[in-house]
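Thanks for coming. I will go through a few local features of this one, and you can follow along on the screen.

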Amino acid sequence: MAAWAVPALAAAAWALRAAVWACLAASAMLVAEAAYMGLASLASAAAMLWRRPDARYRWEPMPGGCDVEAATGADFPMVLVQIPMYNEREVYKLSIDAACALTWPPDRIVIQVLDDSTDPIIKELVELECQDWATKKINIKYEVRNNRKGYKAGALKKGMEHIYAKQCEFVAIFDADFQPEPDFLLKTIPFLVHNPKIALVQARWEFVNYDVCLMTRIQKMSLDYHFKVEQESGSFVYSFFGFNGTAGVWRVSAINQSGGWKDRTTVEDMDLAVRASLKGWEFLYVGDIRVKSELPSTFKAYRHQQHRWTCGAANLFRKMAWEIITNKHSCMGAGLYSHCNHMYERHQKSLVSPFDALLDSLRECYVHAPHACCCNRFT
């Protein structure tokens, strides 16, 4: 064996040993995360047994229950159902059919299809589908734009500018691949009607194609964690959780008060949720209400989705970090707000400058902010 080969083999053995230890460490991290997810889900599920959403918030069935024909129109608020879509040849019919089958008085609901498709054939198919439902006395509107400015956010914003949309009190949003059950509105709207502080009721996604391949199974595991742990636990402790962009019902006044839809990032749903939360609005996640949807089944579609979610969230944080920190409805902002008042009064007596008072507030905010935030939420 050549003399130079011995050091090379030693280096290769060392690199292989390091790789093995790295794999073991990664495996241990995955096991720890899985155990944590299991415990968190178990604790959340156990807590929900005695603090279900309908126990924490007032919920009463709509007049007449499921028999909407027996109830008068004045008993039901006006609801707008928005379905934004873009070249959705495979799924456009499923979403429109499901929306038109929602149980609600016909004169108190408007189905709005926001078609940004660039393929003229698909646009014609979607328009024909809407016309077909219109002949069945369904109040459905087919809306298109001259351009795609703002993409989904721009379409939703433009849809809210119509006169009939301004007359609606609540708006339900479904992406083109989502299929709500007929009783979706009957289950979600009562939370908004009887709890004026709630801006959003978010339902859970149910995946109809999770078993297509390994990638869809992994996506299901990841999103189940997102819903079961992040969103359910966040809702349980009255904390912030983001709007998922679909399968949710918003209070229109909350959207308007928060500044409406903005297209400054690719996560317009999270953008609106953050701004609404900073205005003091509350969100409710109801895991018992599930909406059928589809997962990206190709790597290209999955990569595009994850890139949009990740980069959009990072861009939103860059734009709103200071606003979040200084807002009195956020945890750190609540600490700043309360301690600035406290420090100002304390330093006013000792003749210390307001700037020094602010510095002291910043130093103590990290310790007291969570307490201040919890007090703000539960009082």
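Start with aspartate 271, which lies in helix H10, residues 268-278. Helices here are DSSP runs of H or I with at least four residues, strands are E runs of at least two, and both are numbered from the N terminus. Before going on: this is a predicted model, so local features need pLDDT of at least 70 and side-chain atom pairs count only at pLDDT 80 or more, while totals for chains, interfaces and linings use all residues. Residues are numbered from 1 along each chain as its sequence is written, and side-chain values use heavy atoms, with hydrogens and water left out.

Is aspartate 271 buried or exposed? Aspartate 271 is buried, at 0% relative accessible area; buried means under 20%, exposed over 50%, and partly exposed in between, with a 1.4 Å probe and protein chains only. Setting aside neighbours within four places in sequence, aspartate 271 contacts Lys262, Arg264, Thr265, Leu316 and Met320, where contact means heavy atoms within 4.5 Å.

Next, the helix pairs. The axes of H8, residues 214-236, and H11, residues 299-326, come within 11 Å and cross at roughly 25°. That makes H8 roughly parallel to H11. Axes are lines fitted to C-alpha atoms, for helices over the stretch in contact, with angles from 0 to 180 degrees between N-to-C directions; under 35 degrees counts as roughly parallel, over 145 as roughly antiparallel, 65 to 115 as roughly perpendicular, and the rest as oblique. From H8 the contact uses Met215, Gln219 and Leu223, and from H11 Phe299, Tyr302, Gln305 and Trp309. By class, that is five nonpolar, two polar and no charged residues. Nonpolar covers Ala, Val, Leu, Ile, Met, Phe, Trp, Tyr, Cys and Pro; charged is Asp, Glu, Lys and Arg; the others, Gly among them, are polar.

The second pair is H3, residues 92-100, and H4, residues 120-134, with axes 10 Å apart at an angle of about 20°. H3 and H4 are therefore roughly parallel to each other. Tyr92, Lys93, Ile96, Asp97 and Cys100 of H3 meet Leu125, Val126, Glu129, Cys130 and Trp133 of H4. This contact of H3 with H4 has seven nonpolar, no polar and three charged residues.

Last, the cysteines. How many disulfides are there? The count is zero, taking a disulfide as a pair of cysteine sulfur atoms within 2.5 Å. For cysteine 130, the closest cysteine sulfur is in cysteine 100, 7.3 Å away, which is too far for a bond. Cysteine 130 is buried, at 3% relative accessibility, whereas cysteine 311 is partly exposed, at 40%.
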